[in-house]
Amino acid sequence: MPDSQNSRVAVYLDFDNIVISWYDRVHGRNSYGRDRQRIIESPEDPEIAERLTAATIDVGAIIDYAASFGTLVLTRAYADWSSPVNAVYRNQLVARAVDLVQLFPAAAYAKNGADIRLAVDTVEDMFRLPDLTHVVIVAGDSDYVPLAQRCRRLGRYVVGVGVAGSTAKSLAAACDEFEAYDSLPGVPRPARVATKDAGSRAPSRGSRSKSSTAAAADPSATDAPDTADDAPAASSTRTRGGRGRKTPAKDAATAEAAEAGAAEADAAASEAADSPAAPAPSEVEASLIEALGPAAPPKRTNRRASSTTVAAIAAAPEAVPVVEEPPEDPQEVATRLLERALRLGHDKDDDAEWLHSSAVKTHMRRMDPSFSEKALGYRSFSDFVKARESIAELEETGHERLVRLRE
């Protein structure tokens, strides 16, 4: 692990950029743009909530990576924190002492201006805090290229963090060091989440063309039916290439719709029979009806839709009691902290198989200042590492204590 005792780091996160980029990385290109309206209007929708959960950002992984370069002097995150997508991260960011900068977009689809505000604050901090040695920019927009170049020109070591596939190559080239968010320790590999209609999508244009070609090659496919039982199966449906045979599933749906319509007609007839007969119109009314035409019949109320709506309102998320999650086990939290510190140490110095335990402990304290092996019941840091022999290996030679990640 490189010596970073005197390094002072400033971190700037374009939070909207990283959230949208990771959402597209998990669910496919431009997925956020397609789901934006649903996310804004109904983030509690089960499908949207599942997709947002699958694309959750691990803020701790980013901050811990930045802390590997030295002491974090300031950390700022820029976003519209009133948005439900970003609001879920507020407690997590505040717990890591991140300064939340509120941005108010001019319109629902307007650019939030985070790049301008972030760049202005960064340049101001470099002149206000001349002891800054490292600048970490968490974004992927090419608009940050001039900022990275200016920081390097002023003698700062610039580190970029962005989502693979959504980061401009020019931004990576403008930084002294660039790391993909996907490769940070503790960040899971993105797994595509299947949508509800994935298995019921319409056939592609090529498949429709093949089916129409096959129908043209087989003349018997377009022959008229010989019996009345075959009539529903022979009813045609319009395709791109012309007329083709209708599938049995559609025939069944058509038959059910016809039966439902007949039942409704019978019910209407019975209601009309039970109701008293309307009085005959007068001569004046008859002349008005002849001139203006008969009045449109009143719309019938869909009772099924009304009951469904009531059921949906009754099952609204507001009616479900919120269950607080139990606090995490401090021992497990400390174990994950040790593992992440070791991984970052080995990634930064590929030639170092063993790391000094004091450097590892210092890095852990940077990532989580509340860490204390004594508070966990250990007399020394070496005892803490020995108790986790499944992930770490300790070697003691004289006064030197070395530790490495067990693979």
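Predicted model: local features only at pLDDT ≥ 70, side-chain atom pairs only at ≥ 80, totals over all residues.
The protein chain comprises 407 residues, of which 32% are classed as buried. Its secondary structure consists of 17 helices and 11 strands. Of the contacts between residues at least 6 apart in sequence, 63% link residues at least 24 apart. The computed accessible surface of the chain is about 25100 Å², with 53% contributed by carbon and sulfur atoms.

Nonpolar side chains in soluble globular proteins tend to be buried together. In the present model, the largest nonpolar core contains 58 residues, and those with the most contacts inside it are Phe-15, Ile-57, Tyr-181, Leu-338, Val-360, Met-364 and Phe-384. Helix H4 (residues 59–67) supplies the largest share of this core, with seven residues. A second, separate core is formed by 23 residues, among them Leu-118, Ala-148, Val-158 and Ala-174. Within the largest core, Met-364 touches Leu-338 and Phe-384, as well as Ala-334, Leu-337, Ala-341, Phe-371 and Phe-381, when residues up to four places away in sequence are not counted.

The second largest pocket has a volume of about 750 Å³. It is lined by 23 residues, of which Gly-60, Asp-64, Arg-96, Met-367 and Asp-368 are the closest to its centre. Two or more lining residues are given by each of H4, strand S2 (71–79), helix H6 (90–95), helix H15 (330–348) and helix H16 (357–367). Strand S2 accounts for the largest share of the lining, five residues. By residue class, the lining of this pocket comprises 11 nonpolar, four polar and eight charged residues.

Terms used:
Residues numbered from 1 in each chain as written. Heavy atoms only, no water. Core = buried A, V, L, I, M, F, W, Y, C linked by side-chain atoms within 4.5 Å. Buried < 20%, exposed > 50% of the residue type's maximum accessible area, 1.4 Å probe, protein only. Helix = DSSP H or I, 4+ residues; strand = E, 2+ residues; numbered from the N terminus. Contact = heavy atoms within 4.5 Å. 1 Å grid on protein atoms, 1.4 Å probe; cavity = no way out; pocket = protein on both sides within 12 Å on 5 of 7 lines; lining within 4 Å. Points joined across faces, edges and corners; volume = space filled by probe spheres on them. Nonpolar A, V, L, I, M, F, W, Y, C, P; charged D, E, K, R; others polar. Areas by Shrake-Rupley, 256 points an atom, 1.4 Å probe, with all protein chains shown as cover.
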